Amino acid sequence: MVVKVTDKEISTKERGTGEILSVPYGMVVWSTGIGTRPVIMDFMKQIGQTNRRALATDEWLRVEKSNDIYALGDCATINQRKVMEDISAIFSKADKKNSGTLNVKDFKEVIADICERYPQVEIYLKRKKLRNFVELLKSSQGAQNDSVELNIESFKSALSEVDTQMKNLPATAQVAAQQGEYLADCFNRMENCEKSPEGPMRIRGEGRHRFHPFRYRHLGQFAPLGGEQTAAQLPGDWVSIGHSTQWLWYSVYASKLVSWRTRILVISDWGRRFTFGRDSSKI
């Protein structure tokens, strides 16, 4: 985090350690963030979301404190439900016999719904290198077979750290594009899903949700470095840097443009710049 800029150095602070580092520079270009649009601010006041920077939505991109209003992109953020907020309800859903304890068989009937409703569970399992939800419960009790049984307190203890894996999605075009495709698909199938819900079971109610919740799929990111070189981070934690990665970035960028006219204009501009250099006369 930048904490100070002088005529020769930039001072940064490490978030974890608090250590201050000074970095010399030749030129500083300061790019600030974007502010919330007035129409969004007014709407947030109307529905009582006055203490946030963006509209809070649920996992189906429906604005909280409203019924049929949806939001996506930079103006909104998904307020992912915490497991610990619903821990008692989850336990009750699995404990169909009302015995006060749960075994592996009881959990197997609700595992898929729990992992879909609370994606932080799956992230936590990957971090702990556990294959599935049952292994998480076994490891919390030190059990070696499927004979493990948990009461509500043991269940809370097993899932106490799951919510630490929750993260907000980045405000990028990749996220917004996937959200747009998701909502379009939901709206087109609204009538059918009203009759035959396909989503996970309702933890605090009866039946199932109409749709599967939105899940962002990270397809990678690029960072131009100058000198016709680019750094890329792609799925599978594959990282590439160099001139070949720059051409990969060109191809991905061109494929995302909305029309062939725009593609031809952009590619021709790249060709002129590559042949004659960048025109800096207006900078």
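**Reading strands, sheets and salt bridges**

Tutor: Let us start from one pair of residues in this predicted model: Thr 230 stands opposite Gly 242 in S10.

Student: Which strand pairs with S10, and over how many bridges?

Tutor: Strands of a sheet pair through backbone hydrogen bonds, and the pairing is either parallel or antiparallel. In this structure strand S9, which covers residues 229-234, pairs with strand S10, residues 238-242, in the antiparallel sense, and 5 bridges join the two. S9 and S10 form a hairpin with 3 residues between the strands, and in this hairpin Gly 236 takes a positive phi near 90°.

Student: What is the order of strands in the sheet that holds S8, S9 and S10?

Tutor: The order is S8-S9-S10, in an open sheet of 3 strands with antiparallel pairing. S8 and S10 are at the edges and each has a single partner strand, so one side of each is left without a neighbour in the sheet. Neighbouring strands of this sheet are turned against each other by 10° on average, direction ignored.

Student: Which residue of S9 stands opposite Gln 221?

Tutor: Gln 221 stands opposite Gln 233 in S9, and the two strands, S8 and S9, pair over 5 bridges in the antiparallel sense.

Student: Let us turn to side chains. How many salt bridges does the count come to?

Tutor: The idea is to look for a side-chain nitrogen of Lys or Arg within 4 Å of a carboxyl oxygen of Asp or Glu, and by this rule the count comes to 12 salt bridges. In one of them, the side chains of Arg 189 and Glu 198 meet at 2.9 Å, taken from N to O. Arg 189 is partly exposed, with a relative accessible area of 25%, and Glu 198 is partly exposed as well, with 28%.

Student: How far apart are the closest N and O atoms of Lys 195 and Glu 191?

Tutor: They are 4.0 Å apart, and Lys 195 forms a salt bridge with Glu 191. Because they are 4 residues apart in helix H9, residues 190-195, Lys 195 and Glu 191 are separated by about one helical turn. Both Lys 195 and Glu 191 are exposed.

Student: Which parts of the chain does the pair of Glu 228 and Arg 273 tie together?

Tutor: Glu 228 and Arg 273 form a salt bridge whose closest N and O atoms are 3.1 Å apart. Glu 228 lies in the loop between strand S8 (221-226) and S9, while Arg 273 lies in helix H11 (residues 260-276), so the pair ties together parts that are 45 residues apart in sequence.

Student: Is Arg 273 buried or exposed?

Tutor: Arg 273 is buried, because its relative accessible area is 18% and buried means under 20%. Glu 228, at 27% relative accessibility, counts as partly exposed.

Student: Which residues are linked with Arg 81 in a network of salt bridges?

Tutor: The network links Arg 81 with Glu 85, Asp 86 and Arg 204.

Student: What does UniProt list for residues 82-117?

Tutor: UniProt, in an unreviewed entry, lists these residues as "domain: EF-hand". In the model, the chain over residues 82-117 is 56% helix and 6% strand, and the end C-alpha atoms of this stretch are 10 Å apart.

Student: Finally, how many helices and strands does the protein have?

Tutor: The secondary structure comes to 11 helices and 10 strands. The radius of gyration is 24 Å, well over the 19 Å that the globule rule gives for 283 residues, so the protein is more spread out than a compact globule. Along its principal axes the C-alpha trace spans about 80 × 50 × 40 Å, and buried residues make up 33% of the 283 residues.

Definitions and conventions: Residues numbered from 1 in each chain as written. Predicted model: local features only at pLDDT ≥ 70, side-chain atom pairs only at ≥ 80, totals over all residues. Heavy atoms only, no water. Pairing = 2+ DSSP bridges. Buried < 20%, exposed > 50% of the residue type's maximum accessible area, 1.4 Å probe, protein only. UniProt positions renumbered as here; feature names shortened; annotations may be inferred. Rg over C-alpha atoms; globule rule 2.2 N^0.38 Å. Axes fitted to C-alpha atoms, helices over the stretch in contact; angles between N-to-C directions.
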